[in-house]
Amino acid sequence: MSSCLHERNYNRRLPGRPTVKILIIDDSTAMRMIVRKTLRLAGFEGHEFVEAEDGAKGLAAITAAAPDLVLSDWNMPNMTGIELLEKLNQTGVKVPFGFVTTEVTPDMRQRAAAAGAHFVVAKPFTPESFRDALGAFIR
Amino acid sequence: MNTALQSSATTPKAPALPGFEKVRRFWSPHAARWAAKILPGEFFVTAHDEVITTILGSCISACIRDPARGIGGMNHFMLPEDQTVGRNAWLEGAGSLATRYGSFAMESLVNELMKLGAERSRLEVKLFGGGRILATMSDVGAKNIEFVHRYLRLEGFRIAAEDLGADCPRHVEYFPRSGVVMLKRLKALSVRDIADQETRYRRRLLAPAPPEDVELFA
């Protein structure tokens, strides 16, 4: 699998696009539903949502669906969110990536920033949390 | 093991897992184990043979364990009142404060168990609380029960046992190693203190979210 293909797909400038494809990765069905609904409440209407239930399936979804933005949980079976981001870095796949996570420790923040995450949103978030975090990526 | 011979002197207190150091733990002579007492809004997980205890009014405690690993934990939560969406209808209210908070309380416990090595598909859930303890309060307990049932159904967890609703507070002792629960329905005498404690907890839930819930990296 060529990583160049991914870079070409993901380097598009997002704010100019009318519709953004957002991949939500979380092992909780309820939480994926809540994230999607809260994004709508935050005013991010009319975008396309794709879902995956762990890091490994998220990786497959990034390849298959070429999302414009990834919102990932941290603690998940099979592959954690940070393992997924580090895997993307190793394979040269560039996609804007943020965490939406239950637990946020200073070590996690540091590791997320070092891996190139754009933001960390702590649960239980609010629509305002999403507006603050995603405003730079989505209109 | 002869539990009569066990005491705090002969049974060392296992160190609490990181993040759970503040939960109060004491020697329970009748359980012959160290006990962790959780308050509204707290949760506790353990990989040791100890007991987790709490007192519930309209709040819910989910007792969750992986029987194959002998690890488990208990939370203690209620849904904040959500004036933005009215009744906490599940799908319509999926972005509501109540649903976000309740899901967070459940996921926090499940995540900690999985970090200890629990397998999600093996998790066994027991539910307690959701009582209607004061006639003057709206039936917060019923809303909490409705939430937790819908949440667990959606997540595909099986409920092994439950004692929910009714008009009494409950004292719960949970033994995660065996899955045994010792439940006592309390008399109305104790209602006022429990209701006051839950009201204070509820007010905390309505406070604005701390500003550090979002961190943007340069």
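This is a predicted model: local features need pLDDT of at least 70, side-chain atom pairs count only at pLDDT 80 or more; totals for chains, interfaces and linings use all residues.
**Chain A as a whole**

Select chain A and colour by secondary structure. Chain A has 139 residues, and 43% of them are buried. Among the contacts in chain A with a separation of 6 or more, 67% join residues 24 or more positions apart.

**A helix pair in chain A**

Next, select residues 55-65 of chain A, which form helix H3, together with residues 81-90 of chain A, which form helix H4. The two helices pack at an angle of about 35°, and their axes are 9 Å apart. The crossing of H3(A) and H4(A) is right-handed.

Show the residues at which they meet. H3(A) contributes A:Gly55, A:Gly58 and A:Leu59, while H4(A) contributes A:Gly81, A:Glu83, A:Leu84 and A:Lys87. By class, this contact between H3(A) and H4(A) comprises two nonpolar, three polar and two charged residues.

**The contact between the chains**

Now display both chains and select the residues in contact across them. Chain A supplies 29 residues and chain B supplies 22. On the side of chain B that touches chain A, the elements giving two or more residues are H1, helix H2 (140-155) and strand S11 (214-216) of chain B. Of these, H1(B) gives the most, with ten residues. That side of chain B has ten nonpolar, five polar and seven charged residues.

Centre the view on A:Phe119, which stands opposite B:Leu216 in S11(B).

**The largest nonpolar core**

Finally, turn to the largest nonpolar core, which has 82 residues. Select A:Val121, B:Ile60, B:Ala62, B:Ile64, B:Leu109, B:Leu113 and B:Val148, the residues that touch the most other members. Then select residues 97-115 of chain B, helix H1, from which the largest share of this core comes, eight residues.

Which residues are in contact with B:Leu109, leaving aside its neighbours within four places in sequence? They are B:Phe43, B:Val45, B:Ala62, B:Ile64, B:Gly73 and B:Asn75. Two of these, B:Ala62 and B:Ile64, are also among the core residues that touch the most other members.

Definitions and conventions: Residues are numbered from 1 along each chain as its sequence is written. Chains are lettered from A and ligands numbered from 1 in the order in which they are written. Axes are lines fitted to C-alpha atoms, for helices over the stretch in contact, and angles run from 0 to 180 degrees between N-to-C directions. Helices (H or I, at least four residues) and strands (E, at least two) are DSSP runs, numbered from the N terminus. A crossing is left-handed if the near helix is turned anticlockwise from the far one by less than a right angle, and right-handed if clockwise. Two residues are in contact if their C-beta atoms, placed from the backbone, lie within 7 Å. Ala, Val, Leu, Ile, Met, Phe, Trp, Tyr, Cys and Pro count as nonpolar, Asp, Glu, Lys and Arg as charged, and the others, Gly among them, as polar. A nonpolar core is a set of buried Ala, Val, Leu, Ile, Met, Phe, Trp, Tyr and Cys residues joined through C-beta atoms within 7 Å. A residue is buried if 20 or more other C-beta atoms lie within 10 Å of its own, exposed if 12 or fewer, and partly exposed in between; C-beta atoms are placed from the backbone. Two strands pair if DSSP finds at least two bridges between them.
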